[in-house]
Amino acid sequence: MLYLRCRVSVGRLLEDGMRRRPKKDLAERSKEISALYRVIEIAEMPGLTFDTFISVLQQVLPEGFQFPDAVCTRIVLNGNEYKSGGFKETEWVLSAPLTLHNSAAGHIDVLYKKVEKTNEDDGPFLREERSLLNAIAKVAGRIIERIQLDQELLVKNLAFDTSISANSICNTEGEVIEVNKEAAQLWGYEDQKEIIGKHISIFFGDPDVSVTVLDTLKVQGRWKGKFSARRKDGSSFVAYALAGKITDGNGDPMCYQSSVIDISDQINLQNELIGRLQFETLSAKLAARFINVSSDLLDDEIKDAQRQICDHL
């Protein structure tokens, strides 16, 4: 989509300019259009990274200028400089701003290391070459934005997929659209695809709890808590979940994401510790009753102590 929009809009602009030029200039205009198209085509490279883009861009840039063999380039982005091989600082420089997300982020410089002739426009540069560099800088900014977005999505997907929590995403109706491997294992499924398309109610021992969760997410945007969870084979465990609403640029809900962990072991350990504490408290309380107890009441006290211990166990 980026490729088509840039190719049509910028291509028409340059082609209109070509029709207004004498035939002797058509060769230069053709070079400029070809260079711009090549920059646009970089965006279609599979697995494009920032470093690859900068490298290829610096190879393509000279092709749009009158004397490509004498050209060197410098790209400045967020305070970092990327210079072409054989870079030489000279007074013959043409610069265009780089904008990312509607904010100034740097610039692209094209320099001539040596000059054979100059003109009245921009020293050794043609007026059309300035327009070309501005167009390339605009396209480059769009491509860098997309690369950054792809990288952010990659990191988020990696965090989602490799998390030790059971991560899942459902639509606003509660139908599962994405799960990680940990989720499939936690719920007892062999394949993640088995869960896709199912309603989140299958994860709850009481399906009505899923209705409460969805209603809370719609109103408050967040939900967290313990619940009785149900695996594919019907077995149960105690789960703790944290869920949140994901919205679009207008604030409208797109989907809900949740992370779930099995806290059965923690609950069992907690109950065991509470039981021990209660037993120790009871033991201390019963032991205190035997201090200075009279012999005629001793049998009754022992029987009552045994009863309370049995009730506790």
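**Strands, cores and surface of a predicted chain**

Tutor: Start at a strand pair: N80 in β2 is the bridge partner of L77. The model is predicted; local features need pLDDT of at least 70, side-chain atom pairs count only at pLDDT 80 or more, while totals for chains, interfaces and linings use all residues. Residues are numbered from 1 along each chain as its sequence is written, and side-chain values use heavy atoms, leaving out hydrogens and water.

Student: What makes β1 and β2 a pair?

Tutor: Two strands pair if DSSP finds at least two bridges between them. β1 and β2 (residues 80-83) have 4 bridges and run antiparallel, so they meet that rule. Their hairpin has 2 residues between the strands, and N78 takes a positive phi near 50° there.

Student: How do you know that β1 also pairs with β4?

Tutor: Use the same rule: at least two bridges are needed. Here 7 bridges join the antiparallel strands β1 and β4, so the pair qualifies. In β4, D109 stands opposite R74.

Student: What counts as a strand or a helix in this chain?

Tutor: Both are DSSP runs, numbered from the N terminus: helices are H or I with at least four residues, strands are E with at least two. The chain has 8 helices and 9 strands.

Student: Why is β1 called mostly covered?

Tutor: Buried means under 20% relative accessible area, exposed over 50%, and partly exposed in between (1.4 Å probe, protein chains only). In β1, 7 of its 7 residues are buried. V71, T73, I75 and L77 point one way; C72, R74 and V76 point the other way. In a regular strand the side chains alternate between the two faces of the sheet. For the chain of 313 residues, 38% count as buried.

Student: What makes a set of residues a nonpolar core?

Tutor: Its members are buried Ala, Val, Leu, Ile, Met, Phe, Trp, Tyr and Cys residues, joined through side-chain atoms within 4.5 Å. The largest such core has 39 residues, and F53, L57, F65 and I108 have the most contacts inside it. Elements that give two or more residues to this core are α2, α3, β1, β3, β4 and α4. α4 provides the largest share, 10 residues. Apart from this core lies another of 25 residues, among them L186, A229, A239 and A241.

Student: How do you know which residues F53 touches?

Tutor: Contact means heavy atoms within 4.5 Å. Leaving aside residues up to four places away in sequence, F53 touches I42, L48, A140, I143, I144 and I147.

Student: Why is L242 called partly exposed?

Tutor: Its relative accessible area is 38%. L242 is found in β8 (residues 236-247).

Student: What makes Y240, L242 and I261 a nonpolar patch?

Tutor: Patch residues have over 30% relative accessible area and no salt bridge; nonpolar side chains (Val, Leu, Ile, Met, Phe, Trp, Tyr) are joined within 5 Å, like charges within 9 Å. A salt bridge needs a side-chain nitrogen of Lys or Arg within 4 Å of a carboxyl oxygen of Asp or Glu. These three residues make a patch of about 230 Å².

Student: Why is Q257 called partly exposed?

Tutor: Q257 has a relative accessible area of 30%, so it sits between the 20% and 50% limits. Q257 lies in β9 (residues 253-262). Its contacts include F160, S168 and L242.

Student: Why does D206 get the label partly exposed?

Tutor: Its relative accessible area is 39%, so D206 is neither buried nor exposed. D206 lies in the loop between α5 and α6.

Methods: Accessible areas come from the Shrake-Rupley method with a 1.4 Å probe; for residues, only the protein chains shown count as cover.
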